[in-house]
Amino acid sequence: MSSAFISDAPLYAAVRAYADAHPLRLHTPGHAGHTDALGGVLGALPALDVTELPGTDSLFEADGPIRAAEEKAAGAFGAAHTLFSAGGATLCIQAMLRLVSRGKERRVVLARGAHRSAIHALALLDLEPVWVWPEPLPGSALPGVVSPRAVERALDICGGAAAVYVTSPDYYGTLADIAGLAAVCREHGVPLLVDGAHGTHLHYLDGGARHPLAQGAALVCDSAHKTLPVLTGGAYLQIAGGWFSRGEAKDAMALFGSSSPSYPILLSLDLARAWGEQHGAPAFAALRVRVDALYGRLAPLGLPPPPGPRDPVRITLDVGRIGLSGAEAAMWLRAQGVSIEMHDDRHIVLLPLPLHGDADFAALGDALVSFPVKDAVPAAAAPALEHPSAVMTPGSALRAPCERLPVEQAAGRVAAEGCSPCPPGIPLVCPGERVSASLAKTLKTYGVNHLHVIK
């Protein structure tokens, strides 16, 4: 694969020029650009690990190469503005919620599968969640997604909201009906915020039509490091036209972000965008072909793709169909030299990438078809989850005095923390919600032994 894309990365070019000039570095970071720092194990990385300098720009006041890199990213993704985050998806989520917190409305309609960083941001911004619960997919034990109809009901009942917030795709690769949700949001005059942490690569499939930005979302968090060749912690905040200005978004990110962002992470975002423009679509098209072929190879075992709209390049297998638990399947694959993304009680999730070639897929296929098949475990629908009642806002609960109790003693008390075991990846209880006796038992079955509750 050609590396000509490197010449189209303005931030990388600026930092590379600085490093190649070999200045006497009397500034942070503490390794001073010495490639032999820390025993040399980081290779040439310290040379490119710089700070805000006249030629390298400043992330939250960008008017030089960072701004140029971000503007190129916006053009590539079809956004009005794209901002870089070296603080992962968390910083993007915090910024999205900050942007919608400035109006009079203090409630946000959220799909219950929201990441804990969203719950913590709600608390910090003193926003109140109005939860919408996912609807299970027929014939599947996966958590499912929230429907536009359910979101519309929530908006009608609460009589006003600052925003609607959903996650798509989820950890299993299930896609929400973003176009339908966006239509509902337009009718109610509220922005749709999408945690698309696991779906940056959707921009490179089907002409970008699967990406939430193309389907009407106002703000999208793209955790690029999950599925693109980006260093851990690299993410894009995508902003659609007509909602928020670049300056507003930069201020929102600066409220939560480090004033010393990692330049290697920023460089990788710049380079990944340049790579994606030249190679992204064909690379992910080839990956899709390999994934489809792998599912074809697994069909005789009774391991089909999951039902419903899904990320076509994420591999989610219901190994309960062949009598295995997720943990057993993960352990088996580990013994074959295959490390997977995650497992639950009956599923495994694998995250193949364009860098995985035919030999990798052949080895993966050999490992999967060698599973020790047993009698199938009957597939049950996703378990019905209790809907705890809210006693106070998450912010009030997190600020209140609390104590840590055995979970069986937490019944009747108000949670001072959230708990989102996986599965189902959905918060079983959030800060400010009352813990019933039955919920305490459910938490125990998920391995939760202690819980912080309000004193």
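Analyst: Helices (H or I, at least four residues) and strands (E, at least two) are DSSP runs, numbered from the N terminus. Contact means heavy atoms within 4.5 Å. Axes are lines fitted to C-alpha atoms, for helices over the stretch in contact, and angles run from 0 to 180 degrees between N-to-C directions.

The model is predicted: local features need pLDDT of at least 70, side-chain atom pairs count only at pLDDT 80 or more, and totals for chains, interfaces and linings use all residues. Residues are numbered from 1 along each chain as its sequence is written, and side-chain values use heavy atoms, without hydrogens and water.

Three strands form an open sheet in the order 8-10-9, with antiparallel pairing. Two strands pair if DSSP finds at least two bridges between them. Strand 8 (315–318) and strand 9 (342–343) are at the edges; each has a single partner strand, so one side of each lacks a neighbour in the sheet. Strand 10 (residues 347–350) runs antiparallel to strand 9, joined by two bridges. Met 342 is opposite Val 349 in strand 10.

Now the helix. Helix 11 (residues 326–335) lies across strand 9 and strand 10, at about 45° to strand 10.

Next, the cysteines. The whole structure has zero disulfides, a disulfide being a pair of cysteine sulfur atoms within 2.5 Å. For Cys 158, the closest cysteine sulfur is in Cys 185, 11 Å away and too far for a bond. Cys 158 counts as buried because its relative accessibility is 10%; buried means under 20% relative accessible area, exposed over 50%, partly exposed in between (1.4 Å probe, protein chains only).
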